[in-house]
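Here is a report on one protein chain. It starts with the fold as a whole and then turns to single residues and ring pairs.

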Amino acid sequence: MHSLMDRTPGTRHIPLSPPDDGRPRSLFVDGHFPRRRGLVLCVAALFGFALTVVWSHEFVDQTIGANVAGALLGQDAATASLGSFLVGIAFALATGVAGTFTACNVAVFSAMAPMAGQARSRRGRLIRLLGPLGYLAAGSVAVSAAYGVVVALMGTRMPQFQLGSPGADGFPPVLVQAMVTFGVIGIVLLWLGLASLGLVPDPLARLSERFPNAPLVVMGALIGGFLIGRPYPLFRRLFHDAAESGNVLYGAAAFSLQALGNLVVMGVLLAGITLLAGERLHRWMSARPGRASAVIAAAFIAAGVFMILYWDVRMLARRDLIWFPMAPWA
């Protein structure tokens, strides 16, 4: 069996090819699992839990999101007029970038882990990066554009127009949609993380046999799915505008750009890491089988735990139905 070897002087040679046990592999599960899987699981889950405790949506949505959107648009995003197709498109892209660090989008950074450290040299690093980002974007646009068409067709009958009133019994439909959407996405991310550790079956293994880049498209689809549950105030403005327009082309274009805007910061960070530390990161991951799986698993598990706890458990706590620890500023 041919295998890549670690040629670093003074170190023992370690086979880097996946174990030949006949099992199908995917981009997220290479068959080399870390020895301390329990430790990776616990640390990643603890990080997701801690992030849920300290997260302040007021700070992220207003201080970061609204200010970034305002700077990109050159005016207050909360009061900006969306009177034309082009203005709406610009608003969609700007608020997509501004919403990068909101609670309904922060899990996008877990997609960096499978793509980090793949480049072996400086030559062609950015070109190698364009392929994975393209597959990620394709999955994201497919889901977000389809949802934009649905919104334009359904109009004001969508749950986002039923916000409810403070103190009302039960949950407003928009919040129920957010809890269900992000809860499901959180479970999927958590399962992918556990699969990367070899603790559960890899759900993408068979699909990856025929389409090796399918996991990236699936990850992109999950990112596009963020829009389905997103209660972010600036996105609600775009949502209402698309629904009231009844224009399916506008709905598809605006929602696609909103989703692509969510990927911009992640793409820039990944490009920077690839250029500045890609070779060292690749050597570090290749030096010991299991390291890449540990990084991917930790990213997915932390993101999945955060999604489930923040959008379901903490949401119940905010309605005084259960208790959940929250920082004073959260």
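## Overall build

The model is predicted. The chain has 11 helices and zero strands. Along the sequence the pattern reads α-α-α-α-α-α-α-α-α-α-α. The chain holds 330 residues, and 48% of them are buried. Among contacts with a separation of 6 or more, 78% join residues 24 or more positions apart. The accessible surface of the chain is about 15800 Å². Carbon and sulfur atoms make up 66% of that surface.

Helix 3 covers residues 85–98, a run of 14 residues. From first C-alpha to last it reaches 20 Å, close to the 20 Å expected at 1.5 Å a residue. Its buried residues include G88, I89, F91 and A92. A94, T95, G96, V97 and A98 are buried in helix 3 as well.

L86 also belongs to helix 3. L86 has a relative accessible area of 67%, so it counts as exposed, the cut-off being over 50%. Its C-alpha lies 9.3 Å from that of Y250, although 164 residues separate L86 and Y250 in sequence.

Helix 9 has 13 residues. At 1.5 Å a residue it should span 18 Å, and its end C-alpha atoms are 19 Å apart, which agrees. Buried in helix 9 are L234, F235, L238, F239, D241, A242 and A243. One of these, F235, has the charged end of R230 over its ring, 5.8 Å from the ring centre. Just after helix 9, G246 takes a positive phi of about 70°.

## Aromatic rings

How many aromatic pairs does the structure hold? There are 13 aromatic pairs. Two of them are set out here.

| Ring pair | Distance between centres | Angle between planes | Class |
|---|---|---|---|
| F239 and F255 | 6.2 Å | 40° | tilted |
| F306 and Y310 | 5.4 Å | 25° | stacked |

Why is the pair F306 and Y310 classed as stacked? Its planes stand at 25°, and planes under 30 degrees apart count as stacked, so the pair falls in that class. The planes of F239 and F255 stand at 40°, so that pair is tilted.

The pair of F239 and F255 links distant parts of the chain. F239 is in helix 9 (residues 233–245), and F255 is in helix 10 (residues 248–287). The two are 16 residues apart. F239 and F255 are both buried.

F306 and Y310 both lie in helix 11 (residues 291–318). They are four residues apart, about one turn of the helix. An α-helix has 3.6 residues a turn, so residues three or four places apart point the same way. F306 is buried, and Y310 is buried too. Both rings belong to one aromatic cluster, formed by W55, F182, F226, F306, Y310 and W311.

## Q177

Q177 sits in helix 6 (residues 173–196). Is Q177 buried or exposed? Its relative accessibility is 15%, so Q177 counts as buried, the cut-off being under 20%. Its side chain makes a polar contact of 3.1 Å with the side chain of Y147. A polar atom of the Q177 side chain also lies 2.4 Å from the backbone oxygen of I228. Leaving out residues up to four places away in sequence, Q177 touches Y147, P159, Q160, I228 and G229.

## S110

S110 lies in the loop between helix 3 and helix 4 (112–115). At 4% relative accessibility, S110 is buried. Which residues does S110 touch, not counting those up to four places away in sequence? They are L189, M219, A299, F300 and A303.

## D320

D320 is in the segment after helix 11. Its relative accessible area is 70%, and D320 is exposed. Phi of D320 is near 60°, a positive value in a residue other than glycine. Most residues other than glycine have a negative phi.

Methods:
Residues are numbered from 1 along each chain as its sequence is written. This is a predicted model: local features need pLDDT of at least 70, side-chain atom pairs count only at pLDDT 80 or more; totals for chains, interfaces and linings use all residues. Side-chain values use heavy atoms; hydrogens and water are left out. Buried means under 20% relative accessible area, exposed over 50%, partly exposed in between (1.4 Å probe, protein chains only). A polar contact is a pair of N or O atoms within 3.5 Å; within protein, one must be able to donate a hydrogen and the other to accept it, and residues adjacent in sequence count only if both atoms are side-chain atoms. Contact means heavy atoms within 4.5 Å. Rings of Phe, Tyr and Trp (its six-membered ring) pair if their centres lie within 6.5 Å; planes under 30 degrees apart count as stacked, over 60 as edge-to-face and the rest as tilted. A charge sits over a ring if NZ of Lys or CZ of Arg is within 6 Å of the ring centre and within 35 degrees of the ring normal. Accessible areas come from the Shrake-Rupley method with a 1.4 Å probe; for residues, only the protein chains shown count as cover. The expected span of a helix is 1.5 Å times one less than its number of residues.
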